[in-house]
Amino acid sequence: MISICIFEDQHYKSLLPITFGRACYDILLGSNRLISKICHFFSHSNVSLHCRAHLKPLLKSQYPDYPINTINIGTPCMFINGRLAMNETTYQVITNIKSEHNYIFTHQGQLVAAYLQGELLEFMRSALEQVPHSKDLIHYLRTKTICKELSDVHLLSDPWDPIYLNLD
């Protein structure tokens, strides 16, 4: 069973005011939140959430079954950007991996997902203590992982993206 951590990066600021009082993955896209779209594909996984510190009490009440800002470093983990509108295509690409390697999946200079273990898992745990910049994560991880650039990915970047992506 794979561990999943849905996290926020510094691009939550580009989604203000929507993300003022909620995590990126708590945004509605159609009738489902982004977190629901991700969890649908990883229904048999251990899921944890990572967010800005001031949102932790709210998320604990909204999602009592998920650990908040806690990452199990004993097993490999797939880190998924909370701004991702997960679909079948993206799911197939990021899960088509060899578990003995570390991977990062990027899209136009932004981190979409990362499958990490060992010291890189510890690095990511530390990096998430502060809300990281995607570019900083990519810069550090690129030479230590197998890097795959994804072309057909929906990462929310602007407050109007949920409207436009809902039209697809």
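Author: Start with the surface. This is a predicted model. The accessible surface of the chain is about 8400 Å², and carbon and sulfur atoms make up 52% of that.

Reader: What makes the chain as compact as a globular protein of its length?

Author: First, its make-up: the chain has six helices and eight strands. Its radius of gyration is 15 Å, and the globule rule gives 15 Å for 168 residues. The two values are close, so the chain is as compact as a globular protein of that length. The C-alpha trace spans about 40 × 35 × 30 Å along its principal axes.

Reader: How many of the residues count as buried, and by what cut-off?

Author: Buried means under 20% relative accessible area. By that test, 46% of the 168 residues are buried.

Reader: How do you know that the buried residues of H1 line one face of the helix?

Author: In H1, residues 34-41, the buried ones are Leu34, Ile35, Ile38, Cys39 and Phe41. Seen down the helix axis, they fall within an arc of 160°, so they line one face of H1. They pack against several elements, among them strand S1 (3-7), strand S4 (46-49) and helix H3 (88-95).

Reader: What puts the buried residues of H5 on the same side?

Author: Ser134, Leu137, Ile138 and Leu141 are buried in H5, residues 134-141. They cover an arc of only 95° around the axis, which puts them on the same side of H5. An α-helix has 3.6 residues a turn, so residues three or four places apart point the same way. The face of H5 turned away from the buried side carries Lys135 and His139, both exposed. The packing partners of the buried side include S1, S5 and helix H4 (119-127).

Reader: Why is Gln108 called exposed?

Author: Exposed means over 50% relative accessible area. Gln108 has 63%, so it counts as exposed. Gln108 sits in the loop between S6 and S7. Its phi is near 50°, a positive value in a residue other than glycine.

Reader: Why is Asn69 called partly exposed?

Author: Its relative accessible area is 25%. Asn69 is in the loop between helix H2 (56-62) and S5. Phi is positive for Asn69 too, near 55°.

Reader: Which residues does a cis peptide bond join?

Author: Leu16 and Pro17, with omega about 10°. Pro17 lies in the loop between S1 and S2.

Terms used:
Residues are numbered from 1 along each chain as its sequence is written. This is a predicted model: local features need pLDDT of at least 70, side-chain atom pairs count only at pLDDT 80 or more; totals for chains, interfaces and linings use all residues. Side-chain values use heavy atoms; hydrogens and water are left out. Buried means under 20% relative accessible area, exposed over 50%, partly exposed in between (1.4 Å probe, protein chains only). Helices (H or I, at least four residues) and strands (E, at least two) are DSSP runs, numbered from the N terminus. The arc is that of the directions from the helix axis to the C-beta atoms. Contact means heavy atoms within 4.5 Å. The radius of gyration is taken over C-alpha atoms; the globule rule is 2.2 Å times the number of residues to the power 0.38. Accessible areas come from the Shrake-Rupley method with a 1.4 Å probe; for residues, only the protein chains shown count as cover.
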